[in-house]
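User: I'd like to learn how to read a few side-chain features. Can we go through them one at a time?

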Amino acid sequence: MPRLKTLVSEVPLDYDGTQLAPHFLYKQFDLLGDGVVAFVGRGEVKLDHMVDLTDVKKNAPIYSPKMVHFLGEFFIDSFQEGIWLQHLFVCNVYEWLWENGVTGLRRRGNDIYVNDRKFSVSIATKSPVSVLLHFAANVLTEGTPVPTAGLRELDIDPLVFARAVLEKFSFEMETGFKARVKATPRT
C-alpha cells in the first residue's frame with residue numbers, strides 16, 4: 001500500500017453525506033491517492049444521504065452543530081479490508097483520547113462514547129473504485145438528537161486533535177506496510 005496522504009484543512013466545511021464520494025478528496029483538496037482529510041464544520045446527514053441502513057430504518061439522522069470530520073479514501077478492492085481500516089482508525093482515536101487523559105471512554109464497534117454519551121459517528125462504504133470512510137467527533141453538542149459528548153467539554157482543540165489523530169493513523173499505516181515488506185515469506 002503506498003504511503004497515506006493526509007491533510008488538515010483549516011477552512012471550515014459542513015458535512016451532509018454527499019462528500020462521501022469517490023475522488024472527493026482529489027476534487028476538493030487536490031489529494032490524489034489513498035488519503036484522509038480532516039476539517040471542522042457542522043454535521044447534518046439527512047436520511048436521503050445516509051449510508052448506514054440501520055440508522056435509516058431507525059429514522060435516525062445525524063446532527064451536530066460542529067464536528068471534526070475525517071474523510072478517507074482507499075483505492076483497494078476489498079470492502080472488508082476497508083472495514084478493518086475503519087476500525088483501526090476508530091481504535092487510534094480511542095487510544096489517543098485515553099493517552100491524553102480522557103476518562104469514561106467506551107468503544108462499541110466503530111462508535112466511541114464518553115461517560116455513556118456518544119462522542120463520534122463513523123461509516124465505511126464501497127464505491128466503484130475505492131473504499132470510503134467518514135469519521136466525525138463532536139466539538140459542540142447543542143441540539144444533537146441523542147446525548148453526546150464533545151471536544152469542547154474535554155478541553156481539546158479540534159485542529160490539534162485532527163493533526164494528532166492523522167499522525168497516529170499514518171504511523172499505524174506505515175508500520176503495517178513495513179511489517180509486510182520486511183517479512184520473508186515461507187514456502
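User: Is Glu-73 buried or exposed, and which side chain of opposite charge is nearest?

Analyst: First, a caution: this is a predicted model, where local features need pLDDT of at least 70, side-chain atom pairs count only at pLDDT 80 or more, and totals for chains, interfaces and linings use all residues. Residues are numbered from 1 along each chain as its sequence is written, and side-chain values use heavy atoms, leaving out hydrogens and water. Buried means under 20% relative accessible area with a 1.4 Å probe, protein chains only. A salt bridge puts a side-chain nitrogen of Lys or Arg within 4 Å of a carboxyl oxygen of Asp or Glu. Here Glu-73 is buried but has no salt bridge, with Lys-27, the nearest side chain of opposite charge, 8.8 Å away.

User: Which side chain does Glu-73 join in a polar contact?

Analyst: Such a contact pairs N or O atoms within 3.5 Å; within protein, one must be able to donate a hydrogen and the other to accept it, and residues adjacent in sequence count only if both atoms are side-chain atoms. The partner of Glu-73 is Ser-130, side chain to side chain, at 2.6 Å.

User: How many aromatic pairs are there?

Analyst: Rings of Phe, Tyr and Trp (its six-membered ring) pair if their centres lie within 6.5 Å; planes over 60 degrees apart count as edge-to-face, under 30 as stacked, the rest as tilted. The structure holds 10 pairs. One of them, Phe-74 with Phe-169, is edge-to-face, at 6.5 Å centre to centre and 70 degrees between planes. Both Phe-74 and Phe-169 are buried.

Methods: Buried < 20%, exposed > 50% of the residue type's maximum accessible area, 1.4 Å probe, protein only. Lys, Arg positive; Asp, Glu negative; His and termini not counted.
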